[in-house]
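Please consider the sequence and the three-dimensional structure together. The explanation below is intended to be read with both in view.

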Amino acid sequence: MHDLRHAPAFPNVSARWLISALGIVLLAIVAFAWLILCWLYWQGSWQFIYHPTSAITRTPASVNIRYEPVRFAATETGAPQLFGWWIPATDSAHTVLYLHGADGNLSDTLDTVALLHSQNLSILAFDYRGYGQSTPVHPSEKRLLEDSQSALDWLIGTRHVAPGSIVVYGSQLGANVAMQLAARHGALAGVVLDELIQEPLGNLFSDPRSRLVPAHLLVQDRYDSSQSAQSLKIPSLWLIPAPTTPPAYQAVTASKTAVNLPSPVHANSAFPMALKRWLDDLAQ
């Protein structure tokens, strides 16, 4: 038989040690949960800004406009990433690169595209990656700008459109992208900024969930309109729904024109005349 009198005593564990150990475990659990929250926020924050749809429900043929479906921006394997509409016009003095906003897809641009085409403008309208029939990935500022550059390259390289005849037209968030693109290319004819958004990330950063994480570190999009405005060297037409001009407009030193039109711009009868007057000035 074992002599229990000489067995080692069970070590005494102080209450302070137990409380400290429990505290460390709880802190580790909270920290892990917070890291998971940050990861989920990083993965899903794009949905606060972008609201793409995939189904193309209308095309230019719906309003009796002749067009050509186009695919471009091929990957290394030859697969095109972007889908769009090429809408030619006879003896057009300008070609419009149309950049739509953060919602919907090409189908939702048709009213504006048809109005632009009625001004005898050739048009390339396309969906960014993540929208419509383009490659299904999460949209981002970087991707929207890359895709817009690809569309511009397609116009110049494939359609052989002279840069000096290209007008970039951006609607809402597309206007923010258009100004960044135009700021990089001083040889373009001009840029139309239709309802540029002052604070594209406002809804994201004001959401209560953004206060639980380092949102500004996790979100890479910035859309710094003021910086792009300062770099803009080509004529710009600003279609502004409010009676006051945005700060970015004030930062532009190149030729600029502001026109106050109620939203949506394409539904306003004064829009075609304002656009025609501005385009005529470009040709002088």
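The paragraphs that follow treat the sheet, then the helices beside it, and then the aromatic pairs.

The model is predicted. Its account may begin with an open sheet of 8 strands, in which the pairing is mixed and the order is S2-S3-S6-S4-S7-S8-S9-S10. Strand S2 (68–74) and strand S10 (256–260) form the edges, each pairing on one side only. From one strand to the next, the twist averages 20°. In general, the strands of a sheet pair through backbone hydrogen bonds, either parallel or antiparallel.

Several helices may now be placed relative to the strands. Helix H4 (residues 173–184) lies across strand S4 (95–99), strand S7 (166–171), strand S8 (190–194) and strand S9 (236–240). The direction of H4 is at about 145° to that of S7.

Helix H2 (110–117) is mostly covered, with 6 of its 8 residues buried. The buried residues are Leu110, Thr112, Val113, Leu115, Leu116 and His117. They pack against S3, S4, strand S6 (122–127) and S7, and also against helix H9.

Helix H9 (residues 271–283) consists of 13 residues. The distance from its first C-alpha to its last is 19 Å, close to the 18 Å expected at 1.5 Å a residue. Which residues of H9 are buried? They are Phe271, Ala274, Leu275, Trp278 and Leu279. Seen down the axis of H9, these buried residues fall within an arc of 125°, and they therefore line one face of the helix. The buried residues of H9 pack against H2, S7, S8, S9 and S10.

The loop between S10 and H9 contains Ala267. Ala267 counts as exposed because its relative accessibility is 59%, where the cut-off for exposed is over 50%. The C-alpha atom of Ala267 is separated by 8.5 Å from that of Asp111, although the two residues are 156 residues apart along the chain.

The aromatic residues provide a further view of the structure, which holds 9 aromatic pairs. In one of them, the rings of Tyr128 and Tyr131 have their centres 5.7 Å apart and their planes at 75°, so the pair is edge-to-face. Tyr128 counts as buried at 0% relative accessibility, and Tyr131 is buried with a relative accessible area of 0%. Another edge-to-face pair is formed by Trp238 and Tyr249, at 5.3 Å centre to centre and with 85° between the planes. This pair links distant parts of the chain, since Trp238 is in strand S9 and Tyr249 is in helix H8 (residues 247–251), 11 residues apart. Trp238 is buried, with a relative accessible area of 1%. Tyr249, with a relative accessible area of 12%, is also buried, because buried means under 20%.

Ring pairs also link Phe72, Trp86, Phe126, Tyr128, Tyr131 and Trp154 into a cluster.

Technical notes. Residues numbered from 1 in each chain as written. Predicted model: local features only at pLDDT ≥ 70, side-chain atom pairs only at ≥ 80, totals over all residues. Heavy atoms only, no water. Pairing = 2+ DSSP bridges. Helix = DSSP H or I, 4+ residues; strand = E, 2+ residues; numbered from the N terminus. Axes fitted to C-alpha atoms, helices over the stretch in contact; angles between N-to-C directions. Contact = heavy atoms within 4.5 Å. Expected span 1.5 Å × (residues − 1). Buried < 20%, exposed > 50% of the residue type's maximum accessible area, 1.4 Å probe, protein only. Arc of directions from axis to C-beta. Phe/Tyr/Trp six-rings, centres within 6.5 Å; stacked < 30°, edge-to-face > 60°.
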